[in-house]
Amino acid sequence: MSPSPYDALETRDAAQRAADLARDLPVQIARAQALPGYADSLAGVDPAAITSAAALTDLPVLRKSALTGAQTPDTPLGGFAGPVTGFSHVFQSPGPIYEPGGIDGDWFRLGRFLHAAGIGRGDLVQNCFGYHLTPAGIMFESGARAVGATVLPAGTGQTELQVQAAAHLGATAYAGTPDYLKVILDKADEMGVTLGFAKAAVSGGALFPSLRQAYAERGITCLQAYATADLGNIAYESPAMEGLIVDEGVIVEIARPGTGDPLPEGEVGEVVVTSLNPAYPLIRFATGDMSAVLPGQSPCGRTNQRIKGWMGRADQTTKIKGMFVRPEQVAALVAAHGEVTRARVVAGRDGEMDTMRVLIESPGGDAAAYAASVATHLKLKGAVEVVAPGSLPNDGLVIEDTRSYD
């Protein structure tokens with residue numbers, strides 16, 4: 001267990017938590033109402049009446065597609081936040097969609113997770129999240145600063161240099177996608193180098209039990225967080241490893257996919273999140289991820305709601321190698337080639353690594369020629385197979401996830 005709570009918020013009793021929410025939520029609703037992006041959806045809403053998670057369910061769900069559709073050169077953040085020049089950073093994620101970021105305090109609230117993972121002063125964190133365009137690198141760096149750890153901004157790739165740096169500097173903790181740490185460790189074995197990682201804080205993909213066990217056998221405690229570019233930290237593991245504890249800066253609902261209607265405890269549905277970040281007040285933001293509420297409280301002593309963790313997607317958008325692949329990206333791939341009738345992305349697993357195959361229906365064409373287009377449109381490389389027109393199943397799937405999450 002982490003030696004102490006990160007702050008007093010983590011151990012509030014139910015009455016105090018409800019009172020704090022009744023104080024803070026109306027203020028956040030009023031902030032959102034002042035933004036043009038909410039002019040229609042929150043029109044006529046009395047902020048003073050929205051004092052609980054239950055009251056939120058009367059408000060409409062905000063979907064990522066609505067954010068994307070509202071973002072134009074005149075309103076680059078879609079009217080759901082202030083001007084981009086009011087933030088320290090602005091990021092571009094696949095879609096494309098643009099998100100603001102800040103450096104005041106722990107803007108993305110990852111410090112709470114890193115503290116739970118036992119990371120703090122005296123640790124050197126090798127941060128293997130990307131620093132270019134997408135926000136994950138900055139998100140975890142911000143969290144590391146919040147707990148007093150030192151950061152090696154390693155980013156992605158150049159695995160041999162990653163090994164050399166980790167060994168030379170004595171990195172004690174890893175931050176990155178769950179499977180890239182194995183790539184680094186395997187390269188270190190190949191080079192005959194011993195690394196000192198004892199802690200790992202991962203996100204951006206599923207942490208499979210076999211992979212966690214493989215790290216444990218090397219003496220590395222690996223915990224995971226559920227975070228997004230839009231919302232920052234949503235939920236995180238503590239050393240109890242019994243579900244994910246909801247972050248103190250958000251409100252999480254589990255809703256029936258496509259409806260926004262709340263589901264009872266234990267039922268699997270879509271994760272809908274309201275952010276209490278005053279600079280980016282996302283209200284009932286539908287993540288597209290599936291999960292379920294766990295009963296009771298964590299044995300680690302943190303008292304907030306728990307969810308089971310990531311249980312798939314409410315839509316076909318799928319995370320592969322730490323990156324989302326969306327149906328609209330597959331549609332753009334098809335549209336770029338007049339001879340292609342359909343395409344299907346298949347996410348799989350080879351050992352402890354994600355794989356991606358792209359099946360392209362075409363009367364001809366060289367798979368290698370399509371590969372460049374796949375990388376352009378999907379932002380990932382994968383194996384490309386050309387198949388005969390009409391051979392793909394007529395089931396509406398453009399992204400198929402064959403990985404097992406048991």
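A pocket here is an open set of points on a 1 Å grid over the protein atoms alone, with protein on both sides within 12 Å along at least five of seven lines, whereas a cavity is a set of points where a 1.4 Å probe fits but cannot get out; in both cases a lining residue has an atom within 4 Å of a point. The structure is a predicted model, in which local features need pLDDT of at least 70 and side-chain atom pairs count only at pLDDT 80 or more, while totals for chains, interfaces and linings use all residues. Residues are numbered from 1 along each chain as its sequence is written, and side-chain values use heavy atoms, with hydrogens and water left out.

The space in this second largest pocket is about 1,100 Å³, where a volume is the space filled by probe spheres set on the points, and the grid points are joined across faces, edges and corners. Helix α1 (14-33) gives the largest share of its lining, 10 residues, and α2 (53-56), β11 (250-255) and β14 are among the elements that supply at least two residues each. Helices (H or I, at least four residues) and strands (E, at least two) are DSSP runs, numbered from the N terminus.

The largest pocket holds about 1,400 Å³ of space, and of the 50 residues that line it, T134, K321, G322, M323 and F324 are the closest to its centre. Its lining divides into 21 nonpolar, 17 polar and 12 charged residues, where Ala, Val, Leu, Ile, Met, Phe, Trp, Tyr, Cys and Pro count as nonpolar, Asp, Glu, Lys and Arg as charged, and the others, Gly among them, as polar.

The domain assignment gives domain 1 (14-313) and domain 2 (318-401), with bounds that come from an automatic or database assignment. Their centres, taken over C-alpha atoms, are 28 Å apart, and 14 residues of domain 1 are in contact (heavy atoms within 4.5 Å) with 12 residues of domain 2. The lining of the largest pocket draws at least three residues from each of the two domains.

Two backbone details remain. The peptide bond from G95 to P96 is cis, with omega near -10 degrees, and P96 is found in the loop between β2 (89-93) and β3 (97-101). R109, although not a glycine, has a positive phi of about 65 degrees; R109 lies in the loop between β3 and α4 (111-116), and R109 is also one of the residues lining the second largest cavity.
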